[in-house]
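Here's a quick briefing on a two-chain model, put together for someone who likes to see the cut-offs spelled out. Have a look at the structure first.

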Amino acid sequence: MNTRKLYNRIAVLREERGISRKELAEKIGVNFQTVGYLEREEYNPSLDLAFRISECFALPIELVFSTEPMKPLSQELYERKKRED
Amino acid sequence: MHTSMSKSARRALTVASYGGILVLLGLFYLIEHYSRHPGLLIGAGLSLVVIVVSLYYLHIKTGLWKLVHAKTETLDEREIQVVHGAVRQSYALFGVVCLVVIFISVFTYRGNTSFGILLLWGLIYLAHTLPSAIIAWTQEKI
């Protein structure tokens with residue numbers, strides 16, 4: 001079975017919150033090297049792990065992961081604000 | 001304890017490690033059946049040094065030995081995938097090597113068991129180091 005590449009914002013969200021890879025790894029229950037693989041999009045997490053990561057950042061899963069390349073968060077926020085106005 | 005190493009360095013150490021075993025086996029066979037020339041003995045000693053050094057740097061210092069021998073409960077989902085993939089490939093390769101060794105043994109048996117014992121130790125070494133060698137060979141970063 002060919003699996004699709006999953007894109008994510010883990011690195012950006014981690015930096016925003018000032019969390020190290022080790023701290024994030026402890027919160028989600030993986031080795032810190034696995035966090036590196038996730039951030040470089042070299043590993044697709046299981047559904048359970050994807051939800052644990054999203055819950056850790058208190059964000060909906062679709063804001064953290066995507067099957068298509070993700071826009072910068074600032075751009076996404078700007079577009080959402082434009083739609084609301 | 002975990003040391004990062006480039007993929008090319010890990011591949012070079014893998015070749016040195018298993019090449020060292022083949023050279024040691026070859027030299028040991030020559031020593032036992034033909035001549036105890038000092039050059040052959042020194043060569044065998046050097047091969048052993050290469051094997052031990054590469055074992056340490058490739059399997060121990062990188063943490064790969066610990067990774068492949070760890071209990072599954074202590075590994076995260078990605079590590080389990082990597083280890084199980086390596087173990088699957090290892091034992092397919094190991095099976096092929098065993099069959100080739102048995103095949104060669106049938107045609108070269110001369111009643112001497114020392115070489116056979118060394119060969120057996122070589123296969124045991126192969127069995128224990130092949131999974132971590134495969135990870136060292138295939139993974140971009142460890």
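This is a predicted model: local features need pLDDT of at least 70, side-chain atom pairs count only at pLDDT 80 or more; totals for chains, interfaces and linings use all residues.

Residues are numbered from 1 along each chain as its sequence is written, chains are lettered from A and ligands numbered from 1 in the order in which they are written, and side-chain values use heavy atoms, with hydrogens and water left out.

**The two chains**

- Chain A has six helices and two strands, where helices (H or I, at least four residues) and strands (E, at least two) are DSSP runs numbered from the N terminus.
- Going along the sequence, chain A reads β-α-α-α-α-α-β-α.
- Chain B has five helices and zero strands, so its pattern is simply written α-α-α-α-α.
- The C-alpha trace of chain A spans about 45 × 35 × 20 Å along its principal axes, and for chain B the figures are about 50 × 30 × 20 Å.

**A helix pair in chain A**

- Two packed helices are described by the angle between their axes and the distance between the axes.
- For α2(A) (residues 21-28) and α4(A) (residues 47-57), the angle is about 115° and the axes are 10 Å apart; axes here are lines fitted to C-alpha atoms, for helices over the stretch in contact, and angles run from 0 to 180 degrees between N-to-C directions.
- On the α2(A) side the contact (heavy atoms within 4.5 Å) is made by A:L24, A:K27 and A:I28, and on the α4(A) side by A:L49, A:R52, A:I53, A:C56 and A:F57.
- Sorted by class, that contact has six nonpolar, no polar and two charged residues, with Ala, Val, Leu, Ile, Met, Phe, Trp, Tyr, Cys and Pro counted as nonpolar, Asp, Glu, Lys and Arg as charged, and the others, Gly among them, as polar.

**Residues to click on in chain A**

- A:Y7 sits in strand β1 (residues 7-8).
- Leaving aside neighbours within four places in sequence, A:Y7 is in contact with several residues, including A:E41, A:V64, A:F65 and A:M70.
- A:P45 is 38 residues away from A:Y7 along the chain, and their C-alpha atoms are separated by 11 Å.
- A:E41, in the loop between α3 and α4, is not a glycine but has a positive phi, near 60°.
- A:A58 also has a positive phi without being a glycine, at about 55°, and its place is in the loop between α4 and α5 (61-64).

**Where chain A meets chain B**

- 13 residues of chain A are in contact with nine residues of chain B.
- The two chains bury about 880 Å² between them, 39% of it on carbon and sulfur atoms; buried area is the accessible area (1.4 Å probe) that two parts lose on being put together, summed over both.
- A:Q33, A:Y37 and A:Y43 supply 56% of the area that chain A buries against chain B, more than any other three residues.
- On the side of chain A that touches chain B, α3 (32-39) and α4 are the elements that give two or more residues, and α3(A) has the largest share, three residues.
- That side of chain A divides into five nonpolar, six polar and two charged residues.
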